[in-house]
Amino acid sequence: MQRAILILILFMALMSGRHPILRMPQRPETMVLTATPLALDSGDPKRRQLGALRYLGGWSLAADRPSFGGISSLRIGDDGAVTALGDGGEIMTFRAGQDGRSRAHLRLVPMMVQEKGASRSLWDTESMTTDPVSGRIWVGFEYRNRICRYSAGFGRVERCAAPEAIRDWPNRTGMESLARLPDGRFLAIAEESPGPGGVGHDMLLFAGDPVDAATPPPIRMAYVAPQGYLPTDAVWLGHGRLLVMNRRVTLAEGFTGVLTLVDMGEPGPGRLLRGTVVARLAAPVPHDNFEGLAIGSEGGERVLWIASDDNHLFFQRSLLLKFAMPAAWFTDVRGGGAGRGPKYRRDPRFFRKL
């Protein structure tokens with residue numbers, strides 16, 4: 001109970017105050033990363049199923065430099081390389097799925113020339129999405145409520161913009177989720193800003209690149225998270241499906257998370273979107289402040305990677321978990337029809353008993 005109270009107090013302080021990482025040096029670093037393997041359930045070593053997901057492995061990550069950690073978003077390359085963003089504009093790259101020691105590299109995201117001297121408190125990178133064809137990367141900045149587009153590999157910053165629709169989002173609980181659809185549209189979800197009519201969480205659908213001045217104002221909808229939870233990241237699965245990570249912190253359980261599968265259907269102004277819970281990340285399963293989702297592939301399976309933000313605090317952990325997802329999540333069960341979302345709620349292939 002004492003640990004849970006401490007977590008809650010310090011988490012609330014971080015949400016309204018200065019983050020510890022901002023006091024650290026602003027320079028590239030190479031460090032030794034230690035990955036300690038984790039069982040899905042320490043009380044049942046043979047357990048592999050978590051709701052609709054099948055456990056493939058997990059690690060607690062620690063480095064010999066205090067600058068590592070604070071992971072808020074991530075992407076997985078075809079070769080298993082991880083690119084993660086931290087709370088102070090850090091880019092961390094390392095290999096996924098390796099027990100023991102390896103190397104990790106850290107550098108800061110490129111800044112606009114006129115902002116080179118800006119405070120790092122303005123560079124809270126909370127969300128990330130990519131175009132797999134061009135390699136371009138879009139990053140959501142929470143404190144400044146804006147989006148920046150980068151060339152492949154974060155070679156340079158191309159353009160930054162603060163779309164009017166997100167300017168009034170809270171600067172500490174704003175753009176936690178950003179996803180790019182294959183057709184070039186973008187989805188953004190606020191962690192706490194209310195949706196239309198004060199319901200749920202503000203959810204924006206941009207018809208094109210949100211940093212492009214020619215892109216029209218987004219469609220505004222609302223995402224309704226499970227009771228007591230806040231959305232912290234989302235990934236697009238295709239066929240009208242969105243997978244959302246939702247986080248909660250309580251005195252009884254500390255940090256816990258639930259994953260919801262959302263049927264987007266026909267997007268339209270004012271639509272209210274609710275997800276179906278497909279997995280719960282709570283004791284005895286490894287759990288912490290989960291903020292990052294990414295999709296990769298291994299052996300012909302689609303793999304979901306989940307990362308936690310340790311806030312650079314000694315009693316939290318940087319966890320990296322991976323799960324195989326049901327193949328049916330990536331197929332169209334609508335019989336070839338277009339426009340409407342899949343009728344997955346009637347299809348037992350999508351869910352297992354939680």
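The legends below describe close-up views of pockets, a cavity, aromatic and charged contacts and a disulfide in a predicted model. Because the model is predicted, local features need pLDDT of at least 70 and side-chain atom pairs count only at pLDDT 80 or more, while totals for chains, interfaces and linings use all residues. Residues are numbered from 1 along each chain as its sequence is written, and side-chain values use heavy atoms, with hydrogens and water left out.

**View 1. The largest pocket holds about 950 Å³ of space.** A pocket is an open set of points on a 1 Å grid over the protein atoms alone, with protein on both sides within 12 Å along at least five of seven lines, and a cavity is a set of points where a 1.4 Å probe fits but cannot get out; lining residues have an atom within 4 Å of a point. Grid points are joined across faces, edges and corners, and the volume is the space filled by probe spheres set on the points. The lining of the largest pocket comprises 32 residues, with R75, I76, T130, P132 and I295 nearest its centre. Strand β16 contributes the most to this lining, with five residues, and at least two residues each come from β4 (73–76), β5 (81–85), β8 (125–130), β12 (175–180), β16 (230–238) and β20 (290–298). Strands are DSSP runs (E, at least two residues), numbered from the N terminus. The lining of the largest pocket has 17 nonpolar, nine polar and six charged residues, where Ala, Val, Leu, Ile, Met, Phe, Trp, Tyr, Cys and Pro count as nonpolar, Asp, Glu, Lys and Arg as charged, and the others, Gly among them, as polar.

**View 2. The second largest pocket has a volume of about 250 Å³.** Its lining is made of 17 residues, of which P163, E164, P210, T215 and P217 are the closest to the centre. By class, the lining of the second largest pocket divides into 11 nonpolar, one polar and five charged residues.

**View 3. The second largest cavity has a volume of about 50 Å³.** Two cavities of 30 Å³ or more are found in a search of the whole structure. Among the residues that line the second largest cavity are L33, W59, F94, R95 and L320, and the elements giving two or more residues to this lining are β1 (29–37), β3 (53–63), β6 (90–95) and β7 (100–108). The lining of the second largest cavity has seven nonpolar, four polar and one charged residues.

**View 4. Y55 and F323 form a tilted aromatic pair, at 5.4 Å centre to centre and with 55° between the planes.** Rings of Phe, Tyr and Trp (its six-membered ring) pair if their centres lie within 6.5 Å, and planes under 30 degrees apart count as stacked, over 60 as edge-to-face and the rest as tilted. Y55 belongs to strand β3 and F323 to strand β22 (residues 318–324), so the pair ties together parts that are 268 residues apart in sequence. Y55 is buried at 6% relative accessibility, and F323 is buried at 0%, where buried means under 20% relative accessible area (1.4 Å probe, protein chains only).

**View 5. C148 and C160 form a disulfide, with their sulfur atoms 2.0 Å apart.** A disulfide is a pair of cysteine sulfur atoms within 2.5 Å, and by this rule the count comes to one. The link of C148 and C160 is right-handed, with 110° about the S-S bond. C148 lies in strand β10 (residues 146–150) and C160 in strand β11 (residues 157–161), 12 residues apart.

Terms used: Helix = DSSP H or I, 4+ residues; strand = E, 2+ residues; numbered from the N terminus. Buried < 20%, exposed > 50% of the residue type's maximum accessible area, 1.4 Å probe, protein only.
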